[in-house]
Amino acid sequence: MSSGTFSSPLFVRRAAHIVQEIASPADAIDFLNEWPEDGRDRIYEAALTACFDAYKGRIPASAARKTFFRFGEQVAILEMQPPRCNGSLPACRAVEKRKYRRRSRI
């Protein structure tokens with residue numbers, strides 16, 4: 001694992017049927033920057049700050065992952081398992097491709 005990625009990805013619900021993989025501080029920053037302004041509170045700010053700090057190498061990615069996880073728990077967007085894909089959607093194909101690459105490295 002490089003310092004720029006999470007030890008394991010988090011999956012968050014963006015909309016009713018859209019789940020996004022968050023695999024790094026950069027992914028988390030992109031997700032948080034799109035969060036509605038009226039939902040930005042202290043835990044949001046803590047998550048964003050931690051992710052920026054991890055992205056810049058000031059703290060470990062694991063600390064940013066923990067903070068982002070807490071944010072996800074508070075706003076109830078965490079998905080405990082990756083989405084099941086039938087391979088027909090581009091996002092599903094990308095997830096399947098990453099799974100294949102991870103298995104082939106072992």
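Student: What makes the residues of the largest nonpolar core a core, and which of them have the most contacts inside it?

Tutor: In this predicted model, the largest nonpolar core has 22 residues, and they count as a core because such residues are buried and joined through side-chain atoms within 4.5 Å. Those with the most contacts inside this core are V12, I22, F31, L32, C51, F68 and F71.

Student: Which elements give two or more residues to this core, and which gives the most?

Tutor: The elements giving two or more residues are β1 (10-15), α1 (25-33), α2 (42-55) and α3 (61-74), and α2 gives the most, with 7 residues.

Student: How do you know that F31 is in contact with residues beyond its neighbours within four places in sequence?

Tutor: Contact requires heavy atoms within 4.5 Å, and, with those neighbours left aside, F31 is in contact with V12, R14, Q20, I22, F68, F71 and I77.

Student: Why is A76 called partly exposed?

Tutor: The relative accessible area of A76 is 48%, and because buried means under 20% and exposed means over 50%, A76 falls in between and is therefore partly exposed. A76 lies in the loop between α3 and β3 (78-79), and its phi is near 55°, a positive value in a residue other than glycine.

Student: What pattern does the protein chain follow along the sequence, and what percentage of its residues count as buried?

Tutor: Read along the sequence, the protein chain follows the pattern β-β-α-α-α-β-α, which comprises 4 helices and 3 strands. Of its 106 residues, 30% count as buried.

Conventions:
Residues are numbered from 1 along each chain as its sequence is written. This is a predicted model: local features need pLDDT of at least 70, side-chain atom pairs count only at pLDDT 80 or more; totals for chains, interfaces and linings use all residues. Side-chain values use heavy atoms; hydrogens and water are left out. Buried means under 20% relative accessible area, exposed over 50%, partly exposed in between (1.4 Å probe, protein chains only).
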